[in-house]
Amino acid sequence: IFASVPPEKLILPPPTGDWREDLWHVARWFRETARAHPAVSHLRRIHKVWTPSLLPMTEHWYSLWRQSGLGLDDAVLAGSTTSMAIIGLVEEEQLFIEMDRPDADALAWTPNARIAFQRDHDRDAEFELVVRSLIDGIHARLSAPCDVSEAGDAAARRPRR
């Protein structure tokens, strides 16, 4: 999908002026694009494809994190971790759509799993919940002041590189 699109033709969502909303819109755009072309993530995984067409999207994602007020290192950390989480979420969502569900006998002794497999999911709402939580949570953790007297808490807030 992205491999065949020249970088100048990649049309990302227009900016809203709010970095959080812009990150949400790009994440949603990525999901919609990946869902429209489900074979692409499979091909990328097999062939480990990275093309110049991906760079404008990657640059935009990191620049939005820079707009959040985080320092360069933390913005890159936030951009990398949220990108991986969102890509993983989109790929797992596609796998869940395609997989064979456990039958009633397999779910008989697992009431929580049975509820999860049998309920109707609002995948759009679930995706939004996860993405917005990632954005807010990672920004909050990385922008929180560190108290060196609380080494355990600081280590949990900012992973060592």
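Biologist: What volume does the second largest pocket have?

Modeller: About 180 Å³. The general idea comes first. Rolling a probe the size of a water molecule over the atoms shows where empty space is left. A pocket is an open set of points on a 1 Å grid over the protein atoms alone, with protein on both sides within 12 Å along at least five of seven lines. A cavity is a set of points where a 1.4 Å probe fits but cannot get out. Grid points are joined across faces, edges and corners, and a volume is the space filled by probe spheres set on the points. This is a predicted model: local features need pLDDT of at least 70, side-chain atom pairs count only at pLDDT 80 or more, and totals for chains, interfaces and linings use all residues. Residues are numbered from 1 along each chain as its sequence is written, and side-chain values use heavy atoms, with hydrogens and water left out.

Biologist: Which residues line the second largest pocket?

Modeller: A lining residue has an atom within 4 Å of a point. Here they are Pro38, Ala39, Ser41, His42, Arg45, Gly88, Glu91, Glu92, Gln94, Leu95 and Glu98. Helices are DSSP runs (H or I, at least four residues), numbered from the N terminus. α2 (39-47) and α4 (72-98) each supply at least two of the lining residues. α4 gives the most, with six.

Biologist: How many cavities of 30 Å³ or more does the structure hold?

Modeller: Two. The second largest cavity has a volume of about 60 Å³. Its lining is Phe30, Ala34, Pro38, Ser41, Ile87, Val90, Glu91 and Gln94. α1 (19-36) and α4 are the elements that give two or more residues to this lining. Again α4 gives the most, here four. Five of the lining residues are nonpolar, two polar and one charged.

Biologist: At what angle do α4 and α7 pack?

Modeller: Two packed helices are described by the angle between their axes and the distance between the axes. Axes are lines fitted to C-alpha atoms, for helices over the stretch in contact, and angles run from 0 to 180 degrees between N-to-C directions. α4 and α7 (residues 123-143) pack at about 160°, with axes 10 Å apart. The two are therefore roughly antiparallel (over 145 degrees). α4 passes α7 in a right-handed crossing, where the near helix is turned clockwise from the far one by less than a right angle; anticlockwise is left-handed. Contact means heavy atoms within 4.5 Å. Among the α4 residues that meet α7 are Leu77, Ile86 and Phe96; the α7 side includes Phe127 and Leu134. By class, this contact has 13 nonpolar, two polar and three charged residues.

Biologist: How do the axes of α1 and α3 cross?

Modeller: They come within 9 Å and cross at roughly 155°; α3 spans residues 54-67. That makes α1 roughly antiparallel to α3. The crossing is left-handed. The contact includes Trp19, Trp29 and Phe30 of α1, and Trp61 and Trp65 of α3. It divides into 10 nonpolar, two polar and one charged.

Biologist: Which residues join α1 to α4?

Modeller: The axes of α1 and α4 lie 10 Å apart, at an angle of about 35°. Their crossing is right-handed. Ala27, Phe30, Arg31, Ala34 and Arg35 of α1 meet Ile86, Ile87, Val90 and Glu93 of α4. Six of these are nonpolar, none polar and three charged.

Key:
Angles under 35 degrees count as roughly parallel, over 145 as roughly antiparallel, 65 to 115 as roughly perpendicular and the rest as oblique. Ala, Val, Leu, Ile, Met, Phe, Trp, Tyr, Cys and Pro count as nonpolar, Asp, Glu, Lys and Arg as charged, and the others, Gly among them, as polar.
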